[in-house]
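Here is a friendly walk through one protein model, written for someone who likes to know the cut-offs behind the words. Please keep the viewer open as you read.

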Amino acid sequence: DISHYAKTLAEQKACLYHFSMTTNAYLLDKQRFEKVIQSGVRSFQISLDGPEDVHNQTRLRADGAGTFHKIWSNLISMKQSTHPFEVVLRIHVTPENCSRIHELLDIIKINFHGDDRFSVFLKAIANLGGPNGGKFDYLRGKTKDEVLAQLNDYLGPDIKKHGLTPDGSPYICYASSQNAWVIRADGSLAKCTVAFNDDRNKIGRIHEDGSLAFDQDKIQLWLRGLISLDSNTLGCPAYNLPKLEKTKLETIPINIK
């Protein structure tokens, strides 16, 4: 609904419009895929945690059932369509599953070889805080680099590899940008789409009259990479996010019509 509304406004004003979706794809069946394509969504990032038995240990439904089979069926259905779109298969790599990821890469290469609409992005999970921070292990340092390099080599030329930046330049996260905002369903504002449980990511609110209430002290935490120019901070400002004692909201009237 949001994409259709924004697409209609963009067409009326002859503006360029782009809409992407990050999803587990469990509900992205043929009917819903056709609907979101027609509403202007043409880019999808879909995450998997390994081959079916591995994925189903961590990606469960509320009733405890696995999700891999349905997600994979939806991916095959997308491949059979003739629509122009982009799918980035984001493969989560952990110390527990790294020895099994090649099995998933095998079936990806078999099913999506030659279809440039599909690419693979190998992503080592990280500890970004929150209530479960510190309760799981993750690859880091030289070990992480070596594991990802080996898996990318194994992927080979059979399917396109997805990079965070098309030209190989350092990645700058949207949360590090001054003009990027997350508007949540309740009208609250954030900078990061991951650290929703972190109070430092609750940077303000959008009111019904279009005015924005910002907490400038919190915002500056996320923009600190623009001052330091540190590539790691620019790439993920949530990592080592400084603590903040006292903050206050500043209301700024903005016409959003």
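## The sheet

In what order do the strands of the open sheet stand, and is the pairing parallel or antiparallel? The 5 strands follow the order β1-β2-β3-β4-β5, and the pairing is parallel. Strands pair here if DSSP finds at least two bridges between them; strands (E, at least two residues) and helices (H or I, at least four residues) are DSSP runs, numbered from the N terminus. This is a predicted model, in which local features need pLDDT of at least 70 and side-chain atom pairs count only at pLDDT 80 or more, while totals for chains, interfaces and linings use all residues. Residues are numbered from 1 along each chain as its sequence is written, and side-chain values use heavy atoms, with hydrogens and water left out.

The edges of the sheet belong to β1 (19-23) and β5 (160-161); each has a single partner strand, so one side of each is left without a neighbour in the sheet. Parallel β1 and β2 are joined by 5 bridges, with Ser20 opposite Ser43 in β2. Between β2 and β3 the parallel pairing extends over 6 bridges, and here Phe44 stands opposite Val87 in β3. Of the 8 residues of β2, 6 are buried, where buried means under 20% relative accessible area, exposed over 50%, and partly exposed in between (1.4 Å probe, protein chains only).

## Helices on the sheet

α2 lies across β1 and β2 and runs at about 135° to β2. α6 packs on the sheet too, touching β3, β4 and β5, with a direction that makes about 160° with that of β4. Axes are lines fitted to C-alpha atoms, for helices over the stretch in contact, and angles run from 0 to 180 degrees between N-to-C directions; contact means heavy atoms within 4.5 Å.

## The nonpolar cores

The largest nonpolar core has 35 residues, and those with the most contacts inside it are Phe44, Leu75, Met78 and Ile108. Such a core is a set of buried Ala, Val, Leu, Ile, Met, Phe, Trp, Tyr and Cys residues joined through side-chain atoms within 4.5 Å. Elements that give two or more residues to it are α2 (30-38), β2 (41-48), α4 (68-79), β3 (86-93), α5 (101-112), β4 (118-124) and α6 (141-155). A second, separate core of 15 residues includes Leu189, Phe214, Leu223 and Leu241.

Leaving aside neighbours within four places in sequence, Met78 is in contact with Leu28, Phe33, Phe44, Ile46, Phe85, Val87, Arg117 and Phe118.

Take α5 first. Its 12 residues should span 16 Å at 1.5 Å a residue, and its end C-alpha atoms are 16 Å apart, which agrees; the expected span is 1.5 Å times one less than the number of residues. Ile101, Leu104, Leu105, Ile108, Lys109 and Phe112 are buried in α5. Seen down the axis, the buried residues of α5 fall within an arc of 135°, so they line one face of the helix; the arc is that of the directions from the helix axis to the C-beta atoms. Their cover includes β2, α4, β3, β4 and α6. Just after α5, Gly114 takes a positive phi of about 90°.

In α6, the buried residues are Val147, Leu148, Leu151 and Leu155. They cover an arc of only 95° around the axis, which puts them on the same side of α6. These buried residues pack against β3, α5, β4 and β5, whereas the face turned away carries the exposed residues Lys142, Gln150 and Asp153. Just after α6, Gly156 has a positive phi of about 65°.

## Loop residues to check

Most residues other than glycine have a negative phi. Ala14, in the loop between α1 (2-12) and β1, has a positive phi near 55°, and at 73% relative accessibility it counts as exposed. Leu229, in the loop between α8 (224-228) and α9 (231-235), has a positive phi near 60°; at 62% relative accessibility, Leu229 counts as exposed.

Not counting residues up to four places away in sequence, Ala25 touches Ile46, Ile71 and Asn74. The C-alpha atoms of Ala25 and Leu75 are separated by 7.9 Å, with the two residues 50 residues apart along the chain.
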